[in-house]
Amino acid sequence: MQLDESIIRNVVAAVLSEVGPMPAGSNAPLQPNVPAGAGRNGVFTDVNEAVAAAKAAHQQLRSRSMEERKQVIDIIRRISIDQCEELGLMEMRETGIGRPEHKIEKLRTLGERAPGTEFLETKAFSGDHGLAVVERSPFGVIAAITPVTHSLPTITGNAVSMIAGGNSVVVNPHPSGKKVAAEGVRRFNEAIAAEVGIDNLICVIAEPTLETADTLFSHLDISLICVTGGPAVGRAALRSGKRAIVAGPGNPPVVVDETADLDNAARCIIQGAAYDNNLLCIAEKEVFVVDSVFDDMMAAMRRAGAVQLDAAQVDKLTSQAITKVGDDQHDAAAKDFIGKDAAVLARAAGVNAPESCELVFGETDEHHPFVTVEQMMPFLPFVRARDVEHAIAMAKEYEHGFRHTAIIHSRNVRNMTVMGRELDTTLYVKNGPSMAALGLGGEGYLSFSIAGPTGEGVTSPETFTRERRCSMVDELRVV
């Protein structure tokens, strides 16, 4: 799907003309006998008001049937699918990063594939001393932090899973994606209120800051925190004193050994690394290729449509796309290049690549900042390895122990096994693009919150529930 700037501008202008002003927050006390946040459609500027509204919505949801819970989820799915183009282009326009066709596809696919109430299983134990039933129960009101890389998609996927588990949620979105977050939440709630009669199941802070996040984390009525973002906000969530589900950073390595189907590997690497201009935390970030097939692999990448940079061009791109930050002046991706098109990166390197180019790549050594940094842009460094053992060792080192995602291209089952054990990542893909691990071209279900640091893995409705056991002693054993 090719969308030029004029199409994006026209569609977004039409959308924004229909949205109108966001509802303003207020610190005034709520009117008596009026449900908290009634008629607000989930958009708030005050954290306390948002939490009160979400708490009231959760109490209403608890009194409803599982069928009505499914109905709420179906509404979110329907809007995510039917309005994916409109909302996806809004996000592209607001954030300015990624690819418009992928912004649209993410929303549509979440509507189709995000897991719902079917993931909640009841277990029963029957024996001489009666019956025990184990069921999944909601936490209550969940606080969520979402990233600029996937603002509304993360909210959408989390909302489906959290509401399937019986919860409500208050979202503190990334400030650079706050407008589309608020508009998406408004549309979800408006439809849910009209069809099911519950407003504010999903609440969003319209003007998010670090202070609103801190207030949310420490709020007495918040029972659980879910963070999808960088390491700093993850650490803050873990220090909150509440249970936290943290989806942390990744720097996914790829290993290509001498047995790999190189043309398939090239196609898969481009598909994964170029998707939404490498904004996904699971995306291929650096490639370690055994020396005996290194040159052939580079040729396969060129055949598959990627544009190769020579050493001087890589240096020129690095001087602009990698910057020094912090007191320790460590390497980091330059914001002006994060999520930009491959053609933009090529021009920075002094190369005139076609706009259709999805990925640029080049050879580096293992210490290059494009290897060590989670760059989130469609340039891939390729590093020579002496053999597969050396490639796996480098992959383990530059994954940085995040235990997030790793990919291998090989026909050698032993090599696959060794790498899987060594890297111990939450997601591990063999002979496919990175997104296959989320059910996109592979098996499984889709979620954009992958909780590696706290161990929940790819989140689902079960993630946002707690276990409850009900026992009947010496009765109801009927066999």
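Colleague: Which residue in E17 does Ile408 stand opposite?
Modeller: This is a predicted model. Strand E16 covers residues 405-409, and strand E17 covers residues 427-430. Four bridges join the two, which run parallel. Within that pairing, Ile408 stands opposite Lys430.

Colleague: How does the chain cross from E16 to E17, and what is the handedness of this β-α-β crossover?
Modeller: The path leaves E16 and passes through helix H16, residues 413-423. From there the chain reaches E17. The crossover is right-handed.

Colleague: Which residue in E16 does Val254 stand opposite?
Modeller: E16 also pairs with strand E9, residues 253-256. That pairing is parallel and has three bridges. Val254 stands opposite Ile407.

Colleague: How many residues of strand E16 are buried?
Modeller: Take the faces in turn. In a regular strand, side chains alternate between the two faces of the sheet. On one side of E16 sit Thr405, Ile407 and His409, and on the other Ala406 and Ile408, all buried. E16 is therefore largely enclosed by the rest of the structure, with the buried count at five of the five residues.

Colleague: In the open sheet of seven strands, which are the edge strands?
Modeller: The order is E11-E14-E15-E10-E9-E16-E17, and the pairing is parallel. An edge strand here pairs on one side only. That picks out strand E11 (307-308) and E17.

Colleague: What is the bridge partner of Gln308 in E14?
Modeller: E11 pairs with strand E14, residues 360-363. The sense is parallel, over two bridges. The bridge partner of Gln308 is Phe361.

Colleague: What angle does the direction of helix H11 make with that of E15?
Modeller: H11 spans residues 294-303 and packs on the sheet. H11 touches E9, E10, E11, E14 and E15. Its direction makes with that of E15 an angle of about 160°.

Colleague: And H16: what angle does its direction make with that of E16?
Modeller: H16 packs on the sheet as well, touching E9, E16 and E17. The angle between the directions of H16 and E16 is about 165°.

Colleague: How far away is the nearest cysteine sulfur from Cys226?
Modeller: A search of the whole structure finds zero disulfides. A disulfide would need two cysteine sulfur atoms within 2.5 Å. Cys226 is in none; the nearest cysteine sulfur belongs to Cys281, at 12 Å.

Colleague: Is Cys226 buried or exposed?
Modeller: Buried means under 20% relative accessible area. Cys226 has 1%, so it is buried.

Colleague: Which residues does Gly444 touch, leaving out those up to four places away in sequence?
Modeller: Gly444 is found in the loop between E17 and strand E18 (450-451). At 44% relative accessibility, Gly444 is partly exposed. Its C-alpha atom is 37 Å from that of His330, 114 residues apart along the chain. The residues Gly444 touches are Arg113 and Gly439.

Colleague: What is the radius of gyration of the protein chain?
Modeller: The chain has 16 helices and 20 strands. For 479 residues the globule rule gives 23 Å, and the chain comes close to that, so it is as compact as a globular protein of that length. Its radius of gyration is 24 Å.

Colleague: What share of the residues in the protein chain is buried?
Modeller: Along its principal axes the C-alpha trace spans about 70 × 65 × 45 Å. Of the contacts with a separation of 6 or more, 73% come from residues 24 or more positions apart. Buried residues make up 56%.

Technical notes. Residues are numbered from 1 along each chain as its sequence is written. This is a predicted model: local features need pLDDT of at least 70, side-chain atom pairs count only at pLDDT 80 or more; totals for chains, interfaces and linings use all residues. Side-chain values use heavy atoms; hydrogens and water are left out. Buried means under 20% relative accessible area, exposed over 50%, partly exposed in between (1.4 Å probe, protein chains only). Two strands pair if DSSP finds at least two bridges between them. A crossover is right-handed if, with the strands pointing away from the viewer, the path from the first strand over the helix to the second runs clockwise. Contact means heavy atoms within 4.5 Å. Axes are lines fitted to C-alpha atoms, for helices over the stretch in contact, and angles run from 0 to 180 degrees between N-to-C directions. The radius of gyration is taken over C-alpha atoms; the globule rule is 2.2 Å times the number of residues to the power 0.38.
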